[in-house]
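Dear colleague,

Please find below the structure that I am handing over to you. My findings follow directly after it.

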Amino acid sequence: MFTKIPKEQKDEIIGRIQSFYYEQTGDEIGDLGAENWFDFFMKEIGPFLYNKGVMDSKDILMDKVLLLEDDLYALKRPLTSK
């Protein structure tokens, strides 16, 4: 699974990798080196972040379903006995 990132965003991320690398090491990293780091992060770390996002979304959805269930239960009308 590899998510397609728009070119503008990928270029922004690569620029941030280059800045971070320079701040940490004092050395510059070229576009190719930064793109290799980007590919590594996407391949190796991306799935963890993606799965976390899926689970967070599931948790929010389940909370909403429970609230909806409560709202539906509140709409029930009492049965009258004859």
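E28 is exposed, because its relative accessible area is 71% and the threshold for that class is over 50%. The model is a predicted one, and this residue sits in the loop that joins helix 1 to helix 2. Once residues up to four places away in sequence are set aside, E28 touches Y21 and Y22.

Leaving aside neighbours within four places in sequence, A34 is in contact with Q18, I14, I17 and I29. A34 is also a member of the largest nonpolar core, which has 6 residues; the others are I5, I14, I17, F38 and M42. Helix 1 (7-25) and helix 2 (31-74) each supply at least two residues of this core. Helix 2 gives the most, with 3 residues. As general background, nonpolar side chains tend to be buried together in soluble globular proteins.

As for the overall fold, the protein has 2 helices and 0 strands. How does its radius of gyration stand against that of a compact globule of 82 residues? Such a globule would have a value near 12 Å, whereas the protein has 24 Å. Along the principal axes, the C-alpha atoms fill a box of roughly 85 × 25 × 20 Å.

Buried residues make up 9% of the 82 residues. The protein exposes about 7,700 Å², and carbon and sulfur atoms supply 60% of that area.

Finally, I would draw your attention to T80, which is placed in the segment after helix 2. T80 counts as exposed because its relative accessibility is 72%, against a cut-off of over 50%. Where does T80 stand in relation to P6? The two residues are 74 residues apart in sequence, and their C-alpha atoms are 61 Å apart in space.

With kind regards

How values were computed
Residues numbered from 1 in each chain as written. Predicted model: local features only at pLDDT ≥ 70, side-chain atom pairs only at ≥ 80, totals over all residues. Heavy atoms only, no water. Helix = DSSP H or I, 4+ residues; strand = E, 2+ residues; numbered from the N terminus. Rg over C-alpha atoms; globule rule 2.2 N^0.38 Å. Buried < 20%, exposed > 50% of the residue type's maximum accessible area, 1.4 Å probe, protein only. Areas by Shrake-Rupley, 256 points an atom, 1.4 Å probe, with all protein chains shown as cover. Core = buried A, V, L, I, M, F, W, Y, C linked by side-chain atoms within 4.5 Å. Contact = heavy atoms within 4.5 Å.
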